[in-house]
Amino acid sequence: MAAALKHLKQFRRLVFTGLGYTVFGIGALLVQSLLPLLLYRHKGIARQLAARRLIARTWRWFLSYLRATGIIDYRYHGTEMLGKPGQLILANHPSLLDVLLLISAVPESNCIVKKSLQQNLFFGGLIRAAGYIPNNENEATLEAATKVLQSGETLLIFPEGTRTKADGIIHFNRAAVSIGLRAASEIRPVVVKMTPAGIRKDEPWYRIPETTYKYDIVVADVIDPQVLLAEKPLPVAARRLNRELINYFQEEASHGHIKK
């Protein structure tokens, strides 16, 4: 009886997951179509900030749907420390939903996104309106990110560049740390803890675990770039900090869900 009930709950979450993908896609197209009406009063950076708040609000609604249907559960720890002027947020990327969870918590933050998403049917209009930085993997991206931080915006980067692979090994692109040391007022690591592992790159959407996905979004201690640069020149400081952050994220992410 218990086993049958467990399988029934799993099937229920499978159905709501499929419905969720549909709702998310249709919702994104609908919001994009309404952008001229919703943002007509705003110009320049004010328009971008309004678009980001709209995206965050929409994603919070979607996350509430996922929680209400038992697909995921999530908790934030210390996110009141996020969103400061010139702050660089560095987060690991275990699943598809990490971006939604972080943007929902820091609605006015800028973000480096895959270049291809700018032309995506569902999200391209939203990303362009929000002024998110396309990752061209060249000097232009570094310059844009530096300018954003120096202007006082909060910037979110996933240094892995894509979702963590199935082996769970975390690899960071050192460019993210270099950006922070060069231009950020402070660096805030944010660990995304997730159990069980899932919703990874190249993993089919219908591979549903027996239990609900549980997330803990944990804000770590602040890193002062000026302290590190006072000890070592930028290239050396970037290599050291990148190595230390990889070790830190690997250790913390492996601990999994935080029990109440």
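**Exercise 1.** Is Phe122 buried, partly exposed or exposed?

Solution. The model is a predicted one. Phe122 has a relative accessible area of 31%. Buried requires under 20% and exposed over 50%, so Phe122 is partly exposed.

**Exercise 2.** Classify the aromatic pair formed by Phe62 and Tyr65, and locate the two residues in the fold.

Solution. A search of the whole structure gives 10 aromatic pairs. In the pair of Phe62 and Tyr65, the centres are 6.1 Å apart and the planes make an angle of 25 degrees. Planes under 30 degrees apart count as stacked, so this pair is stacked. Both residues belong to helix H2 (residues 44-68); they are three residues apart, which means a separation of about one helical turn. Phe62 is buried, at 12% relative accessibility.

**Exercise 3.** Classify the pair of Phe122 and Phe123, then state which cluster these rings belong to.

Solution. The centre-to-centre distance is 6.3 Å and the planes are 50 degrees apart. Phe123 is partly exposed, at 21% relative accessible area. Ring pairs link Phe122 and Phe123 with Phe16, Phe24, Phe62 and Tyr65 in a cluster.

**Exercise 4.** Describe the surroundings of Thr154.

Solution. Start with location: Thr154 is in the loop between helix H5 (139-150) and strand S5 (155-157). Next, accessibility: the value is 6%, so Thr154 is buried. Finally, contacts beyond four places in sequence include Gly83, Gly86, Ile89 and Val106.

Note on methods: Residues are numbered from 1 along each chain as its sequence is written. This is a predicted model: local features need pLDDT of at least 70, side-chain atom pairs count only at pLDDT 80 or more; totals for chains, interfaces and linings use all residues. Side-chain values use heavy atoms; hydrogens and water are left out. Rings of Phe, Tyr and Trp (its six-membered ring) pair if their centres lie within 6.5 Å; planes under 30 degrees apart count as stacked, over 60 as edge-to-face and the rest as tilted. Helices (H or I, at least four residues) and strands (E, at least two) are DSSP runs, numbered from the N terminus. Buried means under 20% relative accessible area, exposed over 50%, partly exposed in between (1.4 Å probe, protein chains only). Contact means heavy atoms within 4.5 Å.
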